Each structure stands twice: as C-alpha cells, then as structure tokens.
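Here is a walk through one protein chain. Keep the sequence and the structure side by side as you read.

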Amino acid sequence: MADSSHGHTPAAWTGVIIAFIGFIVAGGAMVIVNIPGFWIGIGLLVVAPVVGGAMHLAGMGKPRRAELKLSPSTSEA
C-alpha cells in the first residue's frame, strides 16, 4: 500500500529540503545576529511550498484520488 502513503514524491521531497535549508539558514543567522541572513532563510521557507506546488502541477507529485487507477481487486472491503 505504498501508493497511498503521503509525501513520497519528488515534489514533496524538494519542498521539504528547501524548507529545511531555510530553517537552517534562519536559525544560524539568529545565532550570529545576522538580520539579512534571517530574512533570506524566511524567504526560502516561503519559496518551498511554491516550488513543491509547481512540481506537483508539473506531474511530479502524488496523483489526486480521481486520477488513481485502482482495480476492483485492490480496493479495501
């Protein structure tokens, strides 16, 4: 049932990696008191869902439930 799990797509992984880098940059900038670096990290956090969403629309995300082609034998009772 790996197809029904959430987040195992290139779009999801890319969004998470960009967000993680944003947290690291913003957190590091807070420690060394670098205000421009902090806002760059926050900017990466804003960009992450936009990139993930664009990749999803480009076909690299999980298909919507209506797009899934399940045979009757694989449906749960």
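Among contacts in the chain between residues at least 6 apart in sequence, what share joins residues at least 24 apart? The figure is 54%. Bear in mind that this is a predicted model.

Begin with the overall layout. The chain has 2 helices and 0 strands. Helix α1 covers residues 10-31, and helix α2 covers residues 35-60. The chain counts 77 residues, and 18% of them are buried. It exposes about 6000 Å² of surface. Carbon and sulfur atoms supply 73% of that area.

Now put the two helices together. How do their axes run? The axes of α1 and α2 come within 7 Å and cross at roughly 180°. Angles over 145 degrees count as roughly antiparallel, so α1 is roughly antiparallel to α2. Which kinds of residue make up the contact of α1 with α2? The tally is 19 nonpolar, 7 polar and no charged.

Next, look at the loop between the helices. Val33 sits there, between α1 and α2. Its phi is near 55°. That is a positive value in a residue other than glycine. Is Val33 buried or exposed? Val33 has a relative accessible area of 68%. The cut-off for exposed is over 50%, so Val33 counts as exposed.

Val25 lies in helix α1. Leaving aside residues up to four places away in sequence, Val25 touches Gly37, Ile40, Gly41 and Leu44. Take Leu44 from that list. Val25 and Leu44 are 19 residues apart along the chain, yet their C-alpha atoms are separated by 8.8 Å. Val25 has 31% relative accessibility. That value falls between the 20% and 50% limits, so Val25 is partly exposed.

Ile40 is another of the residues that Val25 touches. Ile40 belongs to helix α2. How accessible is Ile40? Its relative accessibility is 54%, so Ile40 counts as exposed.

Turn to the aromatic rings. The count comes to 1 aromatic pair. Its members are Phe38 and Trp39, with ring centres 5.1 Å apart and planes at 75°. Planes over 60 degrees apart count as edge-to-face, so this pair is edge-to-face. What of the exposure of each partner? Phe38 has 22% relative accessibility and counts as partly exposed. Trp39, at 54%, counts as exposed.

Is Gly52 buried or exposed? Its relative accessible area is 14%. Buried means under 20%, so Gly52 is buried. Thr9 is 43 residues away along the chain, and the C-alpha atoms of Gly52 and Thr9 are separated by 9.8 Å.

His56 is in helix α2 as well. How far is His56 from Ala12, C-alpha to C-alpha? The distance is 8.2 Å, although the two are 44 residues apart in sequence. His56 has 27% relative accessibility, so this residue counts as partly exposed.

Go back to the opening figure with these pairs in mind. Of the contacts between residues at least 6 apart, 54% join residues at least 24 apart.

Definitions and conventions
Residues are numbered from 1 along each chain as its sequence is written. This is a predicted model: local features need pLDDT of at least 70, side-chain atom pairs count only at pLDDT 80 or more; totals for chains, interfaces and linings use all residues. Side-chain values use heavy atoms; hydrogens and water are left out. Helices (H or I, at least four residues) and strands (E, at least two) are DSSP runs, numbered from the N terminus. Buried means under 20% relative accessible area, exposed over 50%, partly exposed in between (1.4 Å probe, protein chains only). Rings of Phe, Tyr and Trp (its six-membered ring) pair if their centres lie within 6.5 Å; planes under 30 degrees apart count as stacked, over 60 as edge-to-face and the rest as tilted. Axes are lines fitted to C-alpha atoms, for helices over the stretch in contact, and angles run from 0 to 180 degrees between N-to-C directions. Angles under 35 degrees count as roughly parallel, over 145 as roughly antiparallel, 65 to 115 as roughly perpendicular and the rest as oblique. Ala, Val, Leu, Ile, Met, Phe, Trp, Tyr, Cys and Pro count as nonpolar, Asp, Glu, Lys and Arg as charged, and the others, Gly among them, as polar. Contact means heavy atoms within 4.5 Å. Accessible areas come from the Shrake-Rupley method with a 1.4 Å probe; for residues, only the protein chains shown count as cover.
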